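Let's walk through this structure together, one contact at a time. Have the model open beside you as you read.

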Amino acid sequence: MAEEKRPLSYRSAGVDIDAGNALVEALKPLAKATARAGSDAGLGGFGALFDLKAAGYRDPILVATTDGVGTKLKIAIEAGRHDTVGIDLVAMCVNDLVVQGAEPLLFLDYFATGRLDVAQAKSVIAGIAEACREVGCALVGGETAEMPGLYAAGDYDLAGFAVGAVERGAAIDGSTVVAGDIVLGLASSGLHSNGFSLVRRVVADLELDFAAPASFAPGESLGAALLAPTRLYVNSCRAAIAAGGVKALAHITGGGLLENIPRVLPRDLAAELDARTWPLPPVFRWLAEKAQLPAEEMARTFNCGIGMMVVAAPGDEARVARTLEAHGEHVQRIGRIVPRAGGAGARLIGTEEAWPG
């Protein structure tokens, strides 16, 4: 006699609709707390509406960006710490918006996993909401995808999408930058969200445990130190833009110090950065020593302690720096703009004296 088959269901195939609904309900208060002019930040609809006129814009240009957190997520998963990667996700998107002078208006997230853990997902998205509140950006929706068989147990992935606006004619494009302008560096909060495939390789080669103390960060575990969230530069940079004098900004992400600032400079100019003008933070010194990384590799992989660069004329440098510092930034003059005589659009000097050999 043939064995009687049980009826199949979506749950038996690995997808729990009730868990997804429970997560949405848990997130509604978090999203509501990010409401701002132009949006009610409600969840549950098929789409989100945003009223640019209610947000105060007359003739806006929209600016959009999308990003993720990369393999930093693997450390969060292995360390069992999920409360800050949502901050990273927002920061990676909105910091890219502000370099063009845009105000972040709305944010959507994509959370994908093999089996939904409501507590884990809520911790991640609570970080997203926290960062959105800080920069005045409404968390208007997102997608939670439960895909059994595609992710290993406990694994998840994140992506973010942000939209901002800037009044027509007010966007920052670096077109007014000239030789002799000053490059200011805004201190990073750590590794931010780039270079983690290399970081994880270093940790694996040294056979370190993320729960063990971090030799470069007294009082912290290795996991906690490496997971320090990406700094949000939106409020300080918008204040500096409003005060006047900012010619260009560059968010230091993938490509490190050397690959990002040329993106905002005219093609005939380059940035000369002096590594002796700012301290290399302990986490980067540790990585350089343990992995025996040459300075060029460090500068093309990591932010090396500078998370945002600002270009200003010499006469505006002091005012721009004061405004940034008044909004909590640690600012240092780290270089200057020079004519580009072929070669790269950025070069780093002084590493022999300032960085590990």
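Start at Glu146, where a polar atom of the side chain lies 2.8 Å from the backbone nitrogen of Leu116. That is a polar contact, meaning a pair of N or O atoms within 3.5 Å; within protein, one must be able to donate a hydrogen and the other to accept it, and residues adjacent in sequence count only if both atoms are side-chain atoms. This is a predicted model, in which local features need pLDDT of at least 70 and side-chain atom pairs count only at pLDDT 80 or more, while totals for chains, interfaces and linings use all residues. Residues are numbered from 1 along each chain as its sequence is written, and side-chain values use heavy atoms, leaving out hydrogens and water.

Glu146 belongs to strand β3 (residues 138–146); helices (H or I, at least four residues) and strands (E, at least two) are DSSP runs, numbered from the N terminus. With a relative accessible area of 14%, Glu146 is buried (under 20%; exposed is over 50%, partly exposed in between, with a 1.4 Å probe and protein chains only).

Now look at the neighbouring strand in the pairing: β2 (residues 103–113) runs parallel to β3, joined by eight bridges (strands pair if DSSP finds at least two bridges between them). Among the partners, Phe107 is bridged to Leu139 in β3.

Finally, turn to the aromatic rings. Phe111 and Tyr156 are stacked, at 5.2 Å centre to centre and 20° between the planes (rings of Phe, Tyr and Trp, the last by its six-membered ring, pair if their centres lie within 6.5 Å; planes under 30 degrees apart count as stacked, over 60 as edge-to-face and the rest as tilted). Both residues, Phe111 and Tyr156, are buried.
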